[in-house]
Each structure stands twice: as structure tokens, then as C-alpha cells.
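Colleague: I would like to learn how to read a structure like this one, feature by feature. Could you take me through it?

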Amino acid sequence: MTESVTVADLVKNARLDVYYGKEYLEERTISTADISRPGLELTGFFNYYPVKRIQLLGITEISYSKGMSHVELLDVMKQMCQPQTPAFVVSTQLDPPEELLEAAKEQHIPVLGSKLTTSRVLSNMTNYLDDKLAERKSLHGVLVDVYGLGILITGDSGIGKSETALELVKRGHRLIADDRVEVYQQDEQTLMGTAPAILRHLLEIRGIGIIDVMTLFGAGAVRSQTKVALIIHLANYTKEAKFDRLGNGTQNVHIFDVDVPKITIPVRTGRNLAIIIEAAAMNFRAQSMGYDATETFDRNLNNLIKVNSKNDEKHKEEQEHLEEKNKDLIDDRSKDSDKQ
């Protein structure tokens, strides 16, 4: 987990303007993704003031400050400008109050601005800080983008994960990470995966060594990160092992607070794993859109059973009818014999 990011990183990634404190951007750090809207603080209420958060001032806060006297506003701004406060951000191309600039200069706190509305700049900053400050976990595997679907390939060392990823890249798909995959939870339903900086765009192939995928195959063969939508586990094939044959044995892997579907593919000589993973990705996408081949097979099987059952009943009725006719015929012959 990244413990903090600098205000300079925030300015670059959230596209903020600098009104004051350009020389302090690198030394000021942000340790929380929460953003504060200091409305109550402008009224003098400081019983709970989150000093470690970015302080965002919008139209409401600036309009209220214009109704305050210079002494009142300067006193409030000095209380808001604490040594732990990373920065102030003013939205909607509004001019920051002179009292804010005066108080910020005393504590060397940058004052930033944006032409975006308060909601937009709040969303941009929160998304960036959530990604950078989220708890991270390192997983052993290969992460690839197949038809726009993030697939995490796992399995024992030496089973062929990297070789399969190389074949997928040659077939037009994209590599995100090889060997070690850093995952973090973006929201309640989304798990993101990326590569450690030292391994970015690199792929290790036994017998060849390390290759740079972007250099060999171009920028279109790599991605910086993607959503982890499916886990495909490669397992050595054995006669004793039981593998799913109908497609209804999908399991879930719980990572952070997200359940990620997992399927297991047996590995044996002659199987083209890249094509199988492509088919798995397309089938998973079809299931996500409401089509399930397993349900279609079950429905066709049930219909066949019903048809065969009806045919069996019809055959049974015909057999019973034939037996009754034979019985009547035998009875008639017996009667004729008795008369003679």
C-alpha cells in the first residue's frame, strides 16, 4: 500500500492550477483519499476538523466567505491552515480569498484551483487518491487483457503461464503483468490489477530470459492496469483429478471484499491454452450478457427426456393394446375349439 502521495502528483493527475505554493508541492504529502468541504468551519465550528484532508472550497463556501468581515475570515482561515493540511483547492475558476492566501503563506500550504465544477473536481481527486492510496496485495500469476476482459492466469511455477501469455500477445491481446500482479480494490465490486514498476511490460520465458513486450510487439500489446474479471487456474492433468465438463462448476475467489469467478483448466500435451483461454473469455462475456450454454444444454436435454418419455409411453400403450388383441384372439380360438 502506498502510504502517501505528494501534492505535486495530485496537481499533475487531477489537472489543477497552482495559485500559490508551487515550491512546496513536492514536500506536501496526502495520506487519505477523503476530501473535506469546510462549510461548518467557516462558521467557527472546529470541534472536528479533519486537518489531514484536502480542503475543497466551492461556490457555496466562497459565497459565504464574502459575507464575512476581514478579521473573521482571516481568523477562520488561520485555524484551517494547520501544518498537517496538504493543500486547499478552489473550484469553478473562483478566485481564492485574500485571507486564505495570507494564512496559507504563513504555513507554506499550496492553494490550488480548477475550472471544473466542485462535483467534478471532487470526483477526479477522489478517484486518483483512491487508486494510489488503496491497500495492495501481491499475487503470483500473469494478468492479460483478452477481448477487453482482465484475466488472471494462475498455476504452479513452470506450468506455462508466461508462455500462454506470450501466445495471447501474439494473437493480438495485451499484457498487464507477469509473475507478480499487484491488486487493489477500487470499489465494492471492482478489483484492479497492475504490474510492479520493476516488472512493467516485461515477460520471462524459460530458455530465452526476459523480453520487453512493448519493444517487441508495440505499445498496443500492453496495458498499465485492468479490472480483474476472471481467474483461470492452470492445473496438471491427472486421471484422478475431476474437472468441470459442463461449465457449471465455476468457483469464486474472495480477494479483499470482491468475489472473482475462477475456472480450472487441465494442462496436458497438445492442448492450445491460448485458444482455450480466448474461448473461456468469450463464454464468460456471453454469460455476463445473459446467455449460458450450460443452461441451453440442460434445456435441450430436458426436452429430449420429455420426448423420449412420451415415445416410451406411446410404445407401452401400443404394446399393451397388441397384447390385449392377442389375448382376445386366443380366447376366440379357445371358444371355437370348445364348440367343435
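Predicted model: local features only at pLDDT ≥ 70, side-chain atom pairs only at ≥ 80, totals over all residues.

Colleague: Is Q93 buried or exposed?

Modeller: Q93 counts as exposed because its relative accessible area is 58%. Helices (H or I, at least four residues) and strands (E, at least two) are DSSP runs, numbered from the N terminus. In those terms, Q93 belongs to the loop between β6 (88-90) and α5 (98-107).

Colleague: What does Q93 touch, not counting residues up to four places away in sequence?

Modeller: A contact means heavy atoms within 4.5 Å. With that rule, Q93 touches Y19, S114 and K115, once residues up to four places away in sequence are set aside. There is also a C-alpha separation to look at: Q93 and T117 are 24 residues apart along the chain, and their C-alpha atoms are separated by 8.4 Å.

Colleague: How many helices and strands are in the protein chain?

Modeller: The protein chain has ten helices and 18 strands. Of its 340 residues, 41% count as buried. Among contacts with a separation of 6 or more, 69% come from residues 24 or more positions apart. For the surface, accessible areas come from the Shrake-Rupley method with a 1.4 Å probe, and for residues only the protein chains shown count as cover. The protein chain exposes about 20100 Å², with carbon and sulfur atoms supplying 48% of it.

Colleague: What span does helix α6 reach from its first C-alpha to its last?

Modeller: The expected span of a helix is 1.5 Å times one less than its number of residues. Helix α6 (residues 118-133) has 16 residues and reaches 22 Å, close to the 22 Å expected. Its buried residues are T118, V121, M125, Y128, L129, D131 and L133.

Colleague: How many aromatic pairs does a search of the whole structure find?

Modeller: Rings of Phe, Tyr and Trp (its six-membered ring) pair if their centres lie within 6.5 Å; planes under 30 degrees apart are stacked, over 60 edge-to-face, and the rest tilted. The search finds two pairs. Y20 and Y24 make a tilted one, 6.2 Å centre to centre with 55° between the planes. Y20 is buried at 15% relative accessible area, and Y24 is buried at 14%. F46 and Y49 make an edge-to-face pair, 5.5 Å centre to centre with 75° between the planes, and both residues are buried.

Colleague: Which ring does the charged end of R136 sit over?

Modeller: A charge sits over a ring if NZ of Lys or CZ of Arg is within 6 Å of the ring centre and within 35 degrees of the ring normal. The charged end of R136 sits over the ring of Y184, 4.3 Å from its centre. Likewise, the charged end of K137 sits over the ring of F256, 5.0 Å from its centre.

Colleague: Which residues does UniProt list together with S162 and E204 in mind, under "binding site"?

Modeller: UniProt positions are given in the numbering used here, feature names are shortened, and annotations may be inferred rather than shown by experiment. One "binding site" annotation in the unreviewed UniProt entry lists S162 and E204. They span 43 residues in sequence, yet no two of their C-alpha atoms are more than 6.6 Å apart, so they gather at one spot. S162 lies in helix α7 and is buried at 13% relative accessible area. E204 is in strand β14 (residues 202-205) and counts as partly exposed at 44%.

Technical notes:
Residues numbered from 1 in each chain as written. Heavy atoms only, no water. Buried < 20%, exposed > 50% of the residue type's maximum accessible area, 1.4 Å probe, protein only.
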